[in-house]
Amino acid sequence: MAESIAMLPWSISSTAPLDHHLHHHRVMLRANCSSQKLERCSGTCTDASFSRLSSTQSSIVFSNSKRSRLKCFPPLNVLVDSESQTVPAKPLIGNDKIGVLLLNLGGPETLDDVQPFLFNLFADPDIIRLPRLFRFLQKPLAQFISVFRAPKSKEGYAAIGGGSPLRRITDAQGEELKKALWSKDVPADVYVGMRYWHPFTEEAIEQIKKDGITKLVVLPLYPQFSISTSGSSLRLLESIFREDEYLVNMQHTVIPSWYQREGYIKAMANLIEKELKGFESPQKCVIFFSAHGVPLAYVEEAGDPYKAEMEECVDLIMEELEKRSINNPYTLAYQSRVGPVEWLKPYTDETIIDLGKKGVKNLLAVPISFVSEHIETLEEIDVEYKELALESGIENWGRVPALGCEPTFISDLADAVIESLPYVGAMAVSNIEARQSLVPLGSVEELLAAYDSQRRELPPPVTVWEWGWTKSAETWNGRAAMLAVLVLLVLEVTTGEGFLHQWGIMPFFH
């Protein structure tokens, strides 16, 4: 990676015994990283009397003094076979056809797309997980929920112009990335694969096969790795790869996260610096990083590196701003939680209220886990959180735009792709000399084996069926309602009659 952030993997023999050792190494790396704490030193805040708060409180505000960042180094006894897997200093393209697959969530482009998009979302067992006995109801239940929720969701998309701009922006990012790669003498084709809407990942893979791609770099457009975002897309890829002989023989590698790259950090700092200038007193503005949340169990029970990567990412950005003599107080919180399970804290809405109570008057929101504008930036942050901030006593609100096609960012993504090419088809881990991601470069199978093995044991974000006492009466009401829905669906399926059939909602059981 660029300058001191360069990723310099070792090459390792791909024999079966070494694969076992590599898997063990990755699991240990994950465990070591997740067990460490980021140590930060707090100073005196010039805007108000901010003191350092513990991580269990609703908000965490730090002054931008010197910080100790989390560093994870691979163990020195990793098995290395430099003779069998010598990695060249530059990518060898030759007769190979290079492809780059950008992965993203996807979003409805028109109001008519909202309901089928929601269906695809709720049909994912990782979103709503039914007991084994009721797995056959996954799609009928997804259809029912999507029809029920579509009107409310349409209101949100109507408020941002009638649809999500995610595909348009991602396509533009792909075009700019292709231009950047060709300008750096790497003639690669770039493809976009969405998880829940067009162009679906399956569609992108079909085009990759038609174009005869022989070496593929998989690049999720999530700066930080999580088993709930990048992991979801990689699980889908794994199932596709497993069933296709062409894909089995096609060499590939995955860049699982890139939050620590110098170009990304500088691009984020540039945007923050620019937006701060819009405040009457820039030095008194609190920089408010808002990241997409994930269920707490993913981090604490499955070792998801997302939280550690997010905290280090914020540290790196603040270090870059400090070099520019920008020493504003800042905080990190998590948004977009759904369902009754506990998610990463502090929550964005609670933190905004808490900051208002502490007398904060100037707040600059930074969507840290998003590189494209979509419903969660344009509606959730720009409308809902802004309104909450003003109601909480915050007088001046600003928001840093998503990176989009920012030139420094795109150029750095191109560098990341080029640096990964020598390792396409080879197992690799990060070099101890580099400032590295907590998740090493690797293949789809390797990454899932190391960081996704316990996901199935965890509760999904939306729990439909779970017995036991709960502190939330609302949760019990929701479970009772879902039980009624399941009974209704069983009757629909067994009798072939009912209002769902009359409405044409359950055609797949005719």
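# Briefing on a predicted single-chain model

The protein chain contains 16 helices and 15 strands, where helices (H or I, at least four residues) and strands (E, at least two) are DSSP runs numbered from the N terminus. This is a predicted model, in which local features need pLDDT of at least 70 and side-chain atom pairs count only at pLDDT 80 or more, while totals for chains, interfaces and linings use all residues. Residues are numbered from 1 along each chain as its sequence is written, and side-chain values use heavy atoms, with hydrogens and water left out.

**Overall burial and contacts**

- Of the 510 residues of the protein chain, 57% count as buried; buried means under 20% relative accessible area, exposed means over 50%, and partly exposed lies in between (1.4 Å probe, protein chains only).
- The accessible surface of the protein chain is about 22300 Å², and carbon and sulfur atoms contribute 53% of it; such areas come from the Shrake-Rupley method with a 1.4 Å probe, and for residues only the protein chains shown count as cover.
- Among contacts in the protein chain with a separation of 6 or more, 82% are between residues 24 or more positions apart, a contact meaning heavy atoms within 4.5 Å.

**Nonpolar cores**

- The largest nonpolar core has 64 residues, of which Leu-181, Tyr-264, Ile-272, Phe-289 and Ile-368 touch the most other members; a nonpolar core is a set of buried Ala, Val, Leu, Ile, Met, Phe, Trp, Tyr and Cys residues joined through side-chain atoms within 4.5 Å.
- Apart from this core lies another, of 26 residues, with Leu-234, Val-444, Leu-448 and Ala-450 among them.
- Leaving aside residues up to four places away in sequence, Ile-368 touches a set of residues that includes Pro-223, Tyr-264, Met-268, Phe-289, Met-310 and Leu-332.
- Helix α14 (residues 444-451) has 6 of its 8 residues buried, so it is largely enclosed by the rest of the structure; the buried residues are Val-444, Glu-446, Leu-447, Leu-448, Ala-450 and Tyr-451.

**Aromatic rings**

- The structure holds 5 aromatic pairs, counted when the ring centres of Phe, Tyr and Trp (its six-membered ring) lie within 6.5 Å, with planes under 30 degrees apart called stacked, over 60 edge-to-face and the rest tilted.
- The rings of Trp-258 and Phe-409 form a tilted pair, because their centres are 5.7 Å apart and their planes are at 40°.
- This pair links distant parts of the chain, 151 residues apart, with Trp-258 in the loop between β9 (251-254) and α8 (262-276) and Phe-409 in helix α13 (residues 407-420); both Trp-258 and Phe-409 are buried.
- The pair of Phe-289 and Tyr-330 is edge-to-face, because the ring centres are 6.3 Å apart and the planes are at 85°.
- Since Phe-289 lies in strand β10 (residues 286-292) and Tyr-330 in strand β11 (residues 330-335), this pair ties together parts that are 41 residues apart in sequence.
- Phe-289 counts as buried at 0% relative accessibility, and Tyr-330 is buried with a relative accessible area of 1%.
- Trp-258, Tyr-264 and Phe-409 form one aromatic cluster.

**Strand β5 and its partners**

- In strand β5 (residues 98-104), 7 of its 7 residues are buried, with Ile-98, Val-100, Leu-102 and Asn-104 on one side and Gly-99, Leu-101 and Leu-103 on the other.
- Strand β5 runs parallel to strand β7 (residues 188-194) and is joined to it by 7 bridges, two strands being paired if DSSP finds at least two bridges between them; the bridge partner of Leu-101 in β7 is Tyr-191.
- Strand β5 also runs parallel to strand β8 (residues 215-220), with 6 bridges joining them, and here Ile-98 has Lys-215 as its bridge partner.

**Backbone features in loops**

- A cis peptide bond, with omega about -10°, joins His-198 and Pro-199, and Pro-199 is in the loop between β7 and α5 (201-210).
- The peptide bond from Lys-345 to Pro-346 is cis, with omega near 5°, and Pro-346 is in the loop between β11 and α11.
- Asp-185, although not a glycine, has a positive phi of about 65°; Asp-185 lies in the loop between α4 (166-183) and β7 and is exposed, with a relative accessible area of 65%.
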